[in-house]
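Trainee: Could you take one part of this model and go through it closely? I would like to follow the charged side chains and their surroundings.

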Amino acid sequence: MNRVSGDAENAHSSSVESCPSLRDVHSINPAQLMARIESYEGREKKGISDVRRTFCLFVTFDLLFITLLWIIELNVKGGIETTLEKEVLKYDYSSSYFDIFLLAVFRFKVLILAYAMCRLRHWWAIAFTTAVTSAFLLAKVIISQLFSQGAFGYVLPIISFILAWIETWFLDFKVLPQEAEEENRFLIAQDASERAALLHPGVLSDGQFYSPPESVAGSDEDSEEKQDSEKPVV
């Protein structure tokens with residue numbers, strides 16, 4: 001008897017545990033699901049997500065910051081025109097900072113083209129720019145004589161190297177995972193809305209409503225008068 005009662009209790013508990021899942025399915029609100037799907041579709045229509053836009057802004061900041069530091073370096077060395085002619089027209093790999101500026105322009109063009117215009121969802125473009133930046137800066141630091149030119153011999157290569165790797169980290173750990181998560185949420189919400197449409201059919205259309213034929217006014221009174229007229233007169 002104890003075993004039979006125990007089996008009955010287990011069966012009852014399993015049936016009770018299965019009830020919440022059914023209750024959750026029936027508690028789906030189609031209006032909320034449609035609103036969520038429309039919000040996701042609105043983000044797709046914008047063309048670019050918020051986190052990707054932040055990444056593009058950071059890439060633009062990279063270019064502008066390196067440009068600002070390079071201009072300051074030109075002024076420190078004795079005027080923009082004289083130093084610009086020396087570093088650009090008479091370019092020397094061992095002493096010029098012009099190539100670091102071109103490296104920032106290279107990163108900006110490739111990353112904006114790949115992740116803003118083409119909306120790429122892969123890491124190969126930023127892996128390429130970071131690898132080129134790292135290899136070039138390491139070679140320049142080893143071969144050139146930048147450290148003998150003051151503080152900018154340290155500042156420009158180090159900041160350029162750090163910004164390139166921050167861009168890589170931000171894209172790989174923020175942009176791509178968040179966009180993949182939003183896409184999965186959109187697919188789940190869309191699937192749930194289809195199930196909710198099957199579980200909760202919509203409001204009946206006008207053609208599906210019907211009403212009984214209206215009774216003719218005064219029909220009851222006519223029938224009573226007819227019955228009175230048929231009665232025999234005493």
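Mentor: Start with K140, which is buried at 1% relative accessibility. Buried means under 20% relative accessible area, exposed means over 50%, and partly exposed lies in between (1.4 Å probe, protein chains only). This is a predicted model, where local features need pLDDT of at least 70 and side-chain atom pairs count only at pLDDT 80 or more, while totals for chains, interfaces and linings use all residues. Residues are numbered from 1 along each chain as its sequence is written, and side-chain values use heavy atoms, with hydrogens and water left out.

What does K140 pair with? K140 forms a salt bridge with D99, and their closest N and O atoms are 2.6 Å apart. This pair links distant parts of the chain: K140 sits in helix α6 (residues 124-143), D99 in helix α5, 41 residues apart. D99 is buried too, at 7% relative accessibility. A salt bridge here is a side-chain nitrogen of Lys or Arg within 4 Å of a carboxyl oxygen of Asp or Glu. Side chains of opposite charge can pair when their charged atoms come close. By this rule there are six salt bridges.

Now take another of them. R121 and E183 form a salt bridge, with the closest N and O atoms 2.9 Å apart. Here too, distant parts of the chain are linked: R121 is in the loop between α5 and α6, E183 is in helix α7, and 62 residues separate them. R121 is partly exposed at 48%. E183 is also partly exposed, at 38%.

The pair of D50 and R53 is a salt bridge as well, at 2.8 Å from N to O. These two are three residues apart in helix α3, so about one helical turn separates them. D50 has a relative accessible area of 47% and is partly exposed. R53 is partly exposed at 34%.

Look next at S49. It lies in the loop between α2 (30-46) and α3. S49 counts as buried, at 17% relative accessibility. Its side chain makes a polar contact with the side chain of E179 at 2.6 Å. The S49 side chain also reaches the backbone nitrogen of R52, at 3.3 Å. A polar contact is a pair of N or O atoms within 3.5 Å; within protein, one must be able to donate a hydrogen and the other to accept it, and residues adjacent in sequence count only if both atoms are side-chain atoms.

Now the setting. The protein has eight helices and zero strands. Helices (H or I, at least four residues) and strands (E, at least two) are DSSP runs, numbered from the N terminus. Of the 234 residues, 27% are buried.

The largest nonpolar core has 17 residues, and I66, W70, Y97, I100, F101 and L156 touch the most other members. Helices α3 (50-76), α5 (98-117) and α7 (152-199) each supply at least two of its residues. Helix α5 gives the largest share, six residues. A nonpolar core is a set of buried Ala, Val, Leu, Ile, Met, Phe, Trp, Tyr and Cys residues joined through side-chain atoms within 4.5 Å.

Leaving aside neighbours within four places in sequence, W70 is in contact (heavy atoms within 4.5 Å) with L84, E87, V88, Y97, F98, F101 and L156. Apart from this core lies another, of 15 residues, including I48, Y115, A125 and F170.
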